[in-house]
Every structure is written in C-alpha cells, then in structure tokens.
Amino acid sequence: PTLLNEKGAAQLDALMHRVDYGSEMVFAADQAVYSLLRLFGVTPDAMLGHSTGENAAIVASGCLDLDRDGIGRMISRMNDIFDDVDKRGVVPTGILLTIAAFDRAALNALLEAHSNVHFTMDNCPNQVVLFGDEADIDDIQRKAVAEGAVCTRLPISWGYHTHFVGPMAEQFGKLFDGVSLKSSPVTLYSCATA
C-alpha cells in the first residue's frame with residue numbers, strides 16, 4: 001500500500017534512526033497532533049515539551065516570530081548543524097538503553113560500577129534511558145534483566161541530553177540569534193525549569 005519496495009523501506013527506516021531525520025519526524029508528528037487538537041476545538045492554556053517536543057511547543061505556542069517558511073528554514077539550518085557535527089565526529093557514539101520497571105535504588109547500585117554510563121533521560125521514577133559503551137551497557141542490561149527490569153536498546157547512537165552533545169547544542173543556540181519572540185495567550189514552560 002505504501003508503494004515502497006524493500007530497499008525504499010530500509011532507507012526510510014535508516015533515516016528515522018538518524019538524529020536529524022528522527023527529530024524532524026517527531027517534530028512533524030507533534031505539529032500534526034496539535035493541529036488535530038485545534039481542529040477539535042482544544043485550546044491550550046499552557047504548553048510544555050521534552051527534547052524535540054520543546055521545539056514543537058515553542059512553535060505551536062506562537063511565541064516565535066517566524067512564519068511557516070521561517071520555521072522550515074530553521075529546520076533546514078538544524079539539519080546543516082547535525083551534518084556538520086556528525087561529519088566532524090565531535091559527538092561520541094554508544095548505546096542507548098531504556099530500563100523500566102526497576103527499583104531506582106537497584107539501578108543506582110548498578111550504576112556505581114559504571115562511571116562512564118550517563119542518564120540521557122530520567123522520564124519517571126521507574127523508567128530511564130542510559131548512554132554508554134557496549135560493554136558497560138551489556139553488563140547493566142544483563143544484571144537489570146536478571147533482577148526483573150524491562151530493557152530495550154534504542155537504534156540511535158548519540159547520548160542525547162548529555163554533555164556529549166554540547167557542540168550541537170551550542171550551534172543550535174545560535175539559530176535563535178535575531179529571532180524575535182512575541183506574546184502569546186499560551187503560557188510556555190521549559191521541561192528543564194518548570
């Protein structure tokens with residue numbers, strides 16, 4: 001039904017797991033859901049996003065003084081930054097592992113033996129995403145599963161939300177130079193400060 005052959009499907013799957021395209025797909029999906037909610041008459045009083053969702057929230061809130069074409073140009077510049085950072089190899093790669101349904105004290109005890117493993121997301125009291133090299137992640141996953149945790153490896157290799165992506169974040173910050181903010185009836189919160 002999609003008119004895709006196996007090669008085309010494999011290409012799309014590979015793109016979805018790249019940092020730039022994956023983020024764009026999340027952003028597009030967020031904007032699509034927001035548009036549907038608006039069509040159904042749902043009007044938010046406040047917005048909050050996480051990761052790429054923060055980009056989606058600031059755009060949907062109307063706080064950026066950019067039209068649709070301006071947003072598209074900003075996304076294009078983000079892609080250029082991703083490509084540059086990737087080509088320069090300044091962001092290390094590793095393994096991302098979700099751990100769920102696991103006691104936090106037990107997780108902390110496992111992490112004490114793995115000082116090179118970093119949290120990329122601490123989503124709720126019983127679900128986190130970790131980043132590290134394969135040997136450390138293998139050891140943590142094996143021990144956590146033995147204690148009843150539910151673990152899933154993610155098909156993306158960057159340590160999101162860690163100091164490792166600093167070169168990308170620094171360049172992203174410059175994207176907003178010269179972009180004015182405008183007032184909005186929607187209160188916008190940051191997931192880092194709210």
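Let's start with His161, which counts as partly exposed because its relative accessibility is 38%. By that I mean the band between buried, under 20% relative accessible area, and exposed, over 50%, with a 1.4 Å probe and protein chains only. His161 sits in the loop between E5 and H7. Its phi is near 60°, a positive value in a residue other than glycine. Most residues other than glycine have a negative phi.

Quick housekeeping. This is a predicted model, so local features need pLDDT of at least 70 and side-chain atom pairs count only at pLDDT 80 or more, while totals for chains, interfaces and linings use all residues. Residues are numbered from 1 along each chain as its sequence is written, and side-chain values use heavy atoms, with hydrogens and water left out.

Ser51 is the other one I want to show you. Phi of Ser51 is also near 60°, again positive in a residue other than glycine. Ser51 is in the loop between strand E1 (46-48) and H3, and it counts as partly exposed, at 31% relative accessibility.

So where do Ser51 and His161 turn up together? Both are among the residues that lie nearest the centre of the largest pocket, along with His50, Thr52 and Asn55. That pocket has 47 lining residues and a volume of about 1,200 Å³. For the method: on a 1 Å grid over the protein atoms alone, a pocket is an open set of points with protein on both sides within 12 Å along at least five of seven lines, a cavity is a set where a 1.4 Å probe fits but cannot get out, and lining residues have an atom within 4 Å of a point. Grid points are joined across faces, edges and corners, and the volume is the space filled by probe spheres set on the points.

Who builds the largest pocket? Two or more lining residues come from each of helix H2 (19-39), helix H3 (52-61), helix H4 (68-88), E3, helix H7 (166-174) and strand E6 (187-189). H2 gives the largest share, eight residues. By class, the lining is 28 nonpolar, 14 polar and five charged. Here Ala, Val, Leu, Ile, Met, Phe, Trp, Tyr, Cys and Pro are nonpolar, Asp, Glu, Lys and Arg are charged, and the others, Gly among them, are polar.

The second largest pocket holds about 270 Å³ of space. It has 14 lining residues, and Phe27, Gln31, Val59, Arg68 and Ile71 are the closest to its centre. H2 and H4 each supply at least two residues of that lining, which splits into seven nonpolar, four polar and three charged.

Leaving aside neighbours within four places in sequence, Thr162 is in contact (heavy atoms within 4.5 Å) with His118, Phe119 and Thr120.

Now helix H5, residues 104-112. Which of its residues are buried? Ala106, Leu107, Leu110 and Leu111. They cover an arc of only 140° around the axis, and so they end up on the same side of H5; the arc is taken from the directions from the helix axis to the C-beta atoms. Ala105 and Glu112, on the other side, are exposed. The buried residues pack against strand E2 (95-100), strand E3 (118-124), strand E4 (127-132) and helix H6 (134-146). At the N-terminal end, Asp103 caps H5, with a side-chain oxygen 3.1 Å from the backbone nitrogen of Ala105.

Asp103 and Leu107 come up again in the lining of the largest cavity, together with Ile99, Phe102, Arg104, Pro125, Asn126, Gln127 and Val128. That cavity has about 40 Å³ of space, and the whole structure has one cavity of 30 Å³ or more.

Over in strand E2 we have Thr98, buried with a relative accessible area of 12%. Beyond four places in sequence, Thr98 touches Gln127, Val128, Val129, Val150, Cys151, Thr152 and Leu154.

Last, the overall picture. The chain has seven helices and six strands, taken as DSSP runs (H or I, at least four residues, for helices; E, at least two, for strands) numbered from the N terminus. Buried residues make up 35% of its 194 residues.

Key. Polar contact = N/O pair within 3.5 Å; in protein donor to acceptor, adjacent residues only side chain to side chain.
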